[in-house]
Amino acid sequence: MSTLVILLETYQTVIISIVASLVGLYILAFIAALFFALHFRKKIQKRSNIINMLISERKDAINQIIKFAEKNDLEIKQIHKKNITRLERINDFQKLEKKDRDARILDFLYSSSTIVSICSTVENINKSDTFQELLLTFNDVEGIYRKNCGIYNSDIVGYNYWVNLLGYRYLFKLFRLKTKDLIV
């Protein structure tokens, strides 16, 4: 009888050890996932600040082109100006609803491309050194914006991976860590 009791106690100890180890691994994995999610969130916030600044610079650069074009008697349609001004007075574009944010950015892209294309077809504007400098500035800002958007979106993918990790989603929701949207 005592052998049976010792055997049961041994099994009980083994089972408790296994369960404790599994719970410990679960907690350790959650801490690792939380660390990575918070790391990506910090990177996203830094990149978001850069992107917000670049959006403002993009708007300023195209407005300089518009002023130069109008100074040279080229009329820019009001709809294009309106699309450009949709980027004004917004401090953090990532806080906008995705649909609104994407619409504003896509309208800006359409109008800025149209404005640059129109200016490039007018010979006296296109051959102007001032226009070429303004265009170079605009293209540089656009390139930097696209590069930062790519990095931002890759960080979003990493963040969303950790936040949606199977078995931990509900815990992340408790910590108010939700998935984020990609930007255009």
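This is a predicted model: local features need pLDDT of at least 70, side-chain atom pairs count only at pLDDT 80 or more; totals for chains, interfaces and linings use all residues.

**Entry 1: the cavity**

Rolling a probe the size of a water molecule over the atoms shows where empty space is left. I found one cavity of 30 Å³ or more, and the volume of the largest cavity came to about 40 Å³. Which residues line the largest cavity? I noted Ile51, Ile55, Phe93, Gln94, Arg101, Ile105, Tyr145, Ile183 and Val184. Sorted by class, that lining has seven nonpolar residues, one polar and one charged. Helices α1 (2–71) and α3 (98–121) each contribute at least two of the lining residues.

**Entry 2: the pocket**

Next I turned to open space. The largest pocket has a volume of about 400 Å³. I counted 19 residues in its lining, and Gln94, Lys95, Tyr152, Thr179 and Lys180 lie nearest the centre of the pocket. Gln94 was already in my notes as part of the cavity lining. How does the pocket lining divide by class? I wrote down five nonpolar, four polar and 10 charged residues. Helices α1, α3 and α5 (129–163) each give at least two residues to this lining, and α1 gives the most, with four.

**Entry 3: serine 48**

I then checked a serine in helix α1, serine 48. Is serine 48 buried or exposed? Its relative accessibility is 3%, so I logged serine 48 as buried, the cut-off being under 20%. Beyond its close sequence neighbours (up to four places away), serine 48 touches Asp92, Gln94 and Tyr152. Gln94 and Tyr152 are also among the residues nearest the centre of the largest pocket.

**Entry 4: serine 112**

Serine 112 sits in helix α3. With a relative accessible area of 2%, serine 112 is buried. Setting aside residues up to four places away in sequence, I found serine 112 touching Ile62, Ile84 and Phe138.

**Entry 5: the nonpolar core and its cysteine**

The largest nonpolar core has 44 residues, and Ile62, Ile65, Ile115, Cys119 and Phe172 touch the most other members. Helices α1, α3, α5 and α6 (169–174) are the elements giving two or more residues to this core, with α1 giving the most, 15 residues.

I followed up on cysteine 119, which is buried at 0% relative accessibility. Leaving out neighbours within four places in sequence, cysteine 119 is in contact with Ile65, Ala69, Leu74, Ile125, Asn126 and Phe131. Cysteine 149 is buried as well, at 6% relative accessibility. How many disulfides did I find? Taking a pair of cysteine sulfur atoms within 2.5 Å as the rule, I counted zero disulfides.

**Entry 6: leucine 171**

My last stop was helix α6, where leucine 171 lies. At 18% relative accessibility, leucine 171 counts as buried, because the cut-off is under 20%. Leucine 171 touches Tyr26 and Phe30, residues up to four places away in sequence not being counted. I also looked up leucine 171 against lysine 99: they are 72 residues apart in sequence and 28 Å apart in space, C-alpha to C-alpha.

Conventions:
Residues are numbered from 1 along each chain as its sequence is written. Side-chain values use heavy atoms; hydrogens and water are left out. On a 1 Å grid over the protein atoms alone, a cavity is a set of points where a 1.4 Å probe fits but cannot get out, and a pocket is an open set with protein on both sides within 12 Å along at least five of seven lines; lining residues have an atom within 4 Å of a point. Grid points are joined across faces, edges and corners, and a volume is the space filled by probe spheres set on the points. Ala, Val, Leu, Ile, Met, Phe, Trp, Tyr, Cys and Pro count as nonpolar, Asp, Glu, Lys and Arg as charged, and the others, Gly among them, as polar. Buried means under 20% relative accessible area, exposed over 50%, partly exposed in between (1.4 Å probe, protein chains only). Contact means heavy atoms within 4.5 Å. A nonpolar core is a set of buried Ala, Val, Leu, Ile, Met, Phe, Trp, Tyr and Cys residues joined through side-chain atoms within 4.5 Å.
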